[in-house]
Amino acid sequence: MLDVIDLNIEFHDHITPETVVYDFDLHLEKGEIVGIVGESGSGKSMSALAIAGLLSRKHMKKRGQIIFDGVDLLTCSRGVLRKYQGNDICMVFQEPMTSLNPVKRIGWQVGESLRIHTSLTEEQIREKVIKTLADVELDDPEGIYDKYPHELSGGMRQRVMIAAAIICEPKILIADEPTTALDVTVQAQILKLLKRINKTRGTAILFISHDLGVVRSLCERVLVMYRGRIVESGSTGEVFEHPREEYTKRLISAIPKMEKLKDGQ
Amino acid sequence: MNIKSFILKNKRLAIGGSITAIMVILAVTGLFFTPYDPNAMDISAKLSGISPRHIMGCDNFGRDIFSRVLAGLSTTMVVAVGTVFIGIVFGTLIGAFTGYYGGYLDEIMMRFNDAVLAFPSLLLALVFISVMGSGKLNVTIALGILFIPSYARIMRGEFLKCRNLDYVMSARLMGASDMRIMFVHILPNTVRVMLSTIAIGFNNAVLAEAGMSYLGIGVQPPDASLGRMLSEAQSYLFVRPGYAVCTGMAIVLLILGFSMLSEGLEKNA
Ligand SMILES: Nc1ncnc2c1ncn2[C@@H]1O[C@H](COP(=O)(O)OP(=O)(O)OP(=O)(O)O)[C@@H](O)[C@H]1O
Ligand SMILES: [Mg+2]
């Protein structure tokens, strides 16, 4: 469904060009959950933003191909790209506090994709928004519909972001560290929610995290990135049981001991 | 919170609001109704003082000063609102495109802006007026155009600040067009800044109009104008000080009230 081939991302906003992603390859099938792990600054977000078509076309050079539905998202026109954005490819950001427009009501923001991509009436949009808000397990969706972002907690906002992302039933959901800013219990709920969305709607999820424990429990396949390169990839079990690369081994040994204790018992 | 404690806590807001409300009511009244025709001359009443028939007296042509103050207030108000409107509409448009897109367009527009801002605005207004001719409409257009650069600069900053925020990214990710992002997603976030610039701009417009009319290059007869009246009143300052005082007070109250109101609002927002 999605094929990323030899993606290179080069920044041109300084005197010397700086490459932040080298030869990134990814194949994503319908309904799959693939994880990307790696330390801070390894290029995870850059790759994700490139796939979502969010990298500015001015200050950076991108080489390679991002093929979705037989169309190369890197070279297609803005208009064509926009048809996929929000409709087929969606993304949830790391910071639920700033990802919502502070002066717009929640309901309006969640329905925005529908307003852009469909010709539904405001009535129908409202109905669908409330259904989706309920679907991401928010209590009192009708009440939340009329609230402003500052009236919600971080966990609730992240659910709202997820609702906004899945309302058009996208084929791919990119989640860039969606739980990093949340506390552990909320984190677990959000992960469960993502898993359920993946099961019931068949949405493929590209899950970015530096929490290996989370990736291990959620993803079927995993890519390990280090300094802009994919150093290892394969099924989650294989990578975690028999890491081939020195870097992956170090990453795994850095998982908090609690995990190991649990495994050992 | 009850009304009394609210007023005590927000004295500026309350006082400014009341003054502004009164001035607006007077100006709107002046638009439709004045006790006398502001231009009707009655030589027998020339420079007469305060009397029950003319509560502010009459000027050197025997025209009722109160009627002229009302008419002048509404002229000033119309010119100021028109000026601010032209400034904010075009300023926002230019600011939105330059701030959101950046690049060469931005560079060129902002250098042009700097050039315009470098001239004293009254001087530029003078040039406009000498090319287009004076009168209410032309003064409004000239001042409006002069206001565009500073509004554009402020709005550009707002759009520049917002264009890379996460929620704009989310909107872009939903497939929103640039136009939609600029005017549906970002614009409502600039309202606070916009309102305070409108407030400052309104006062500047009132002063500029009064100043130009005082110099004789602004609003022309038969339209009454506070600035023009002030310059006439100057000749009779010692005979009829009330003439200058009434006219001057109208300008002072208008600006004082509006500044206090906008300051109070800003503190409360
Ligand atoms: N404007 C820029 N110019 C040059 N390099 C940049 C620019 N923006 C980001 N980078 C670099 O791109 C690299 C990849 O960043 P990226 O955000 O993808 O990391 P990440 O893996 O998502 O990290 P994190 O886990 O902290 O989110 C970083 O090394 C960063 O320094
Ligand atoms: Mg990141």
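A residue is termed buried at under 20% relative accessible area, exposed at over 50% and partly exposed in between (1.4 Å probe, protein chains only). The model is predicted, so that local features need pLDDT of at least 70 and side-chain atom pairs count only at pLDDT 80 or more, while totals for chains, interfaces and linings use all residues. Residues are numbered from 1 along each chain as its sequence is written, chains are lettered from A in the order in which they are written, and side-chain values use heavy atoms, without hydrogens and water.

Over all chains, the structure holds 7 aromatic pairs (rings of Phe, Tyr and Trp, the last by its six-membered ring, with centres within 6.5 Å; stacked if the planes are under 30 degrees apart, edge-to-face if over 60, otherwise tilted). One of these joins Phe68(A) and Tyr84(A), whose ring centres are 5.4 Å apart and whose planes meet at 85°, so the pair is edge-to-face. Phe68(A) belongs to strand β4 (residues 60-68) and Tyr84(A) to helix α2 (residues 78-84) of chain A, so the contact ties together parts 16 residues apart in sequence. Both Phe68(A) and Tyr84(A) are buried.

In chain B, the rings of Phe97(B) and Tyr101(B) have centres 6.1 Å apart and planes at 20°, so this pair is stacked. Both residues lie in helix α3 (residues 65-101), 4 residues apart, about one turn of the helix. Phe97(B) is partly exposed at 27% relative accessibility, as is Tyr101(B) at 30%. Ring pairs link Phe97(B) and Tyr101(B) with Tyr100(B) and Phe183(B) in a cluster.

How values were computed
Helix = DSSP H or I, 4+ residues; strand = E, 2+ residues; numbered from the N terminus.
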